[in-house]
Amino acid sequence: GRQFALTPSIPIGPDYRINPGDKLLVTVWGNVNDTFALDVDERGVVIIPKVGVVEVAGRTLAEAKDIIYQRLAGVFIVDFNIDLTIKEGKLKT
């Protein structure tokens with residue numbers, strides 16, 4: 001089969017709006033170190049271990065990062081940081 005480059009043709013910044021079908025990569029570091037690869041399902045939600053369902057579709061990356069951080073903060077009592085990126089997805093041009 002043909003090989004496709006996974007490099008997105010459009011820049012993905014904090015204002016990118018998340019769509020169903022996107023794959024999010026959450027990196028947690030600090031007193032907790034973990035990585036979650038999350039699929040946004042057709043309902044527009046991701047399921048995070050120990051946290052549960054988080055609605056992300058239609059939100060910007062920055063908004064989703066804040067929400068995911070707050071939800072994780074309810075589980076991890078210690079200080080930590082997160083980064084949220086789009087791993088791959090159905091990029092709308």
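The model is predicted, with local features needing pLDDT of at least 70 and side-chain atom pairs counting only at pLDDT 80 or more, while totals for chains, interfaces and linings use all residues. Residues are numbered from 1 along each chain as its sequence is written, and side-chain values use heavy atoms, with hydrogens and water left out.

Next, select β1 (23–30) and β2 (34–39). These strands form a hairpin with three residues between them. β1 and β2 pair in the antiparallel sense over six bridges; two strands pair if DSSP finds at least two bridges between them. Show T27 and look across to T35 in β2, its bridge partner.

Now show the largest nonpolar core, a set of 23 residues. Such a core consists of buried Ala, Val, Leu, Ile, Met, Phe, Trp, Tyr and Cys residues joined through side-chain atoms within 4.5 Å; buried means under 20% relative accessible area, with a 1.4 Å probe and protein chains only. Pick out L24, V28, I48, V56, I68 and L72, which have the most contacts inside this core. The elements giving two or more residues to the core are β1, β2, β3 (45–48), α1 (61–73) and β5 (80–88).

Beyond its neighbours within four places in sequence, L72 is in contact (heavy atoms within 4.5 Å) with V28, F36, I48, V51, F80 and I82.

Conventions: Buried means under 20% relative accessible area, exposed over 50%, partly exposed in between (1.4 Å probe, protein chains only). Helices (H or I, at least four residues) and strands (E, at least two) are DSSP runs, numbered from the N terminus.
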